[in-house]
Amino acid sequence: MNAVTFANSFTGFVNDITDWLNDISSNWWFLAVILVIAFLDSIIPIVPSETAVIVGGVAAGTGNQALLLVIAAGALGAFLGDNAAYMIGDLMSHRIRLQAEKRPSWQTRIDWATTKIRERGGLLLITARFIPGGRTVLTVSSGITHQPRAWFAGWVAVATTLWATYAALLGYLGGKTFEDNHTKAFLLAFAAAISATVLIELGRHLWARRGASADA
């Protein structure tokens, strides 16, 4: 297979995928799909919730969904999922604390998590929401360390709303920019999402280094 043939085959594959995404995202029930995926991603951090919300945003940009409903579905699913992760941590806390009595290193980590969450918990919950995997660790840890439930729910409501709005707007802008070319709309939205994730990870890394230097 020469380069031209490969390029044509790859382009056709991408077009098929984006056409399929466009077809399913145009259905009313795709909002329920967004909600379920956002819920599951809060507990099992390998489920692509950002992708689902971005796809919904693209559908809104092309006029096939309502942007506010896409945001609401993503935010509600994530909010319920984060609270479920908190409950899992709360249920696990007794067993973990029993183990911590036998393993001093565990107790040290619990004490550290408790202190950090109380010092910067609200900001941590917001920033962690944009870090796949990080949000699950923090929400479960909030349950393990018995953070006040109302305080947790309030900050999670803010975090999930900001997250869903950000992801949906990325898709919406792509859909609006290339309303007549769904392939370009999806590619633009996903490229923007990847770039934003890289910037967030870079900022988190630099902040962590700064914090480590301050502790030292």
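A search of the whole structure, which is a predicted model, finds 2 aromatic pairs. Rings of Phe, Tyr and Trp (for Trp, the six-membered ring) are paired if their centres lie within 6.5 Å, and planes under 30 degrees apart count as stacked, over 60 as edge-to-face and the rest as tilted. Because the planes of Tyr86 and Phe152 stand at 35 degrees, with the ring centres 4.7 Å apart, that pair is tilted. Tyr86 lies in helix 4 (residues 67-102) and Phe152 in helix 7 (residues 149-177), so the pair ties together parts that are 66 residues apart in sequence. Helices here are DSSP runs of H or I with at least four residues, numbered from the N terminus. The other pair, Phe130 with Tyr166, is edge-to-face, with 5.3 Å from centre to centre and 65 degrees between the planes.

| Residue | Relative accessible area | Class |
|---|---|---|
| Tyr86 | 5% | buried |
| Phe152 | 0% | buried |
| Phe130 | 16% | buried |
| Tyr166 | 23% | partly exposed |

Residues are numbered from 1 along each chain as its sequence is written, and side-chain values use heavy atoms, with hydrogens and water left out. Because the model is predicted, local features need pLDDT of at least 70 and side-chain atom pairs count only at pLDDT 80 or more, while totals for chains, interfaces and linings use all residues.

Asp82 also lies in helix 4, and at 3% relative accessibility it counts as buried. The side chain of Asp82 makes polar contacts (pairs of N or O atoms within 3.5 Å; within protein, one must be able to donate a hydrogen and the other to accept it, and residues adjacent in sequence count only if both atoms are side-chain atoms) with the side chain of Ser42 at 3.0 Å and with that of Arg129 at 2.7 Å. Leaving aside neighbours within four places in sequence, the residues in contact with Asp82 include Phe152, Val156 and Thr160, contact meaning heavy atoms within 4.5 Å.

Trp163 is in turn one of the residues that touch the most other members of the largest nonpolar core, which has 23 residues. Such a core is a set of buried Ala, Val, Leu, Ile, Met, Phe, Trp, Tyr and Cys residues joined through side-chain atoms within 4.5 Å. Helix 2 (30-43), helix 3 (49-61), helix 4 and helix 7 each supply at least two residues of this core. Val70, listed with Trp163 among those members, is in contact with residues that include Leu31, Ile34, Val53 and Ala168. A second, separate core of 7 residues includes Tyr86, Ile117, Ala128 and Val156.

Helix 7 has 29 residues and reaches 42 Å from its first C-alpha to its last, close to the 42 Å expected, the expected span being 1.5 Å times one less than the number of residues. Among the buried residues of helix 7 are Phe152, Val156, Thr160, Trp163 and Ala168.

Key. Buried < 20%, exposed > 50% of the residue type's maximum accessible area, 1.4 Å probe, protein only.
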